[in-house]
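Please look at the sequence and the structure shown here before reading on. The report that follows goes through a few of the structural elements in turn.

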Amino acid sequence: MRQQSHQGTALTTAFSEILEDAQRDFPEEVLLDGEVVIWHGGRLGFGRLQRRLNRRPATVRREIAQSPAHLVAFDLLRHAGEDLTERAYRQRRDGLAALFEEWHLTPPWTLCPVTYDRQEARRWGRR
C-alpha cells in the first residue's frame, strides 16, 4: 500500500495515519483519487500539510498528533484488480459511493460532494 502525489512523490511517511486506516478499512484492493486535507480552525490548513513534507519522522509524528489528515475521495480508479478508468465518471462515482456505504467509511475518509446539476454547481461556486 502506498500514497503518492500526482507527480509521483511518495507521501506515505507524511500522511501515514491515512495509510494505516486504509490497511484496516479496505478489505479489497482499491485505487482512489482524492485530496489530502487538514482542517485547522474550521478551515483547510494548507500550511499544516506543508509542515509534513520532507520532515524527520519525529516531526511528522508530532504533526499527526496535533493535526490529523483526511482524504477527500472523488474518484475510484481501480477496484478488486479491475481498471475502471475507461468507465464513465458517473459509474466510477457510483462505485465509490457504494464502497463508502458498504465499508462504512468514516473520517479520515470523506466522500467529496458531487452534483450533476449545473445550477447547483454554480450555487456551490458562489458560496
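Which residue in strand 2 is the bridge partner of tryptophan 39? The bridge partner is leucine 44.

## About the model

This is a predicted model, in which local features need pLDDT of at least 70 and side-chain atom pairs count only at pLDDT 80 or more, while totals for chains, interfaces and linings use all residues. Residues are numbered from 1 along each chain as its sequence is written, and side-chain values use heavy atoms, with hydrogens and water left out.

## The strands

Helices (H or I, at least four residues) and strands (E, at least two) are DSSP runs, numbered from the N terminus. Strand 1 and strand 2 (residues 43-44) pair in the antiparallel sense over two bridges, where pairing requires that DSSP finds at least two bridges between the strands. These two strands form a hairpin with two residues between them, and glycine 41 in the turn has a positive phi of about 60°.

Strand 1 (residues 30-40) also pairs with strand 3 in the antiparallel sense, over nine bridges, and valine 30 has histidine 79 of strand 3 as its bridge partner.

## Aspartate 75

Aspartate 75 lies in strand 3 (residues 69-79) and is buried, with a relative accessible area of 8%; buried means under 20% relative accessible area, exposed over 50%, and partly exposed in between (1.4 Å probe, protein chains only).

## Helix 3

The buried residues of helix 3 (residues 57-66) are Thr59, Val60, Glu63 and Ile64. They lie on the same side of helix 3 because they cover an arc of only 140° around the axis, the arc being that of the directions from the helix axis to the C-beta atoms. The face turned away from this buried side carries the exposed residues Arg61 and Ala65.
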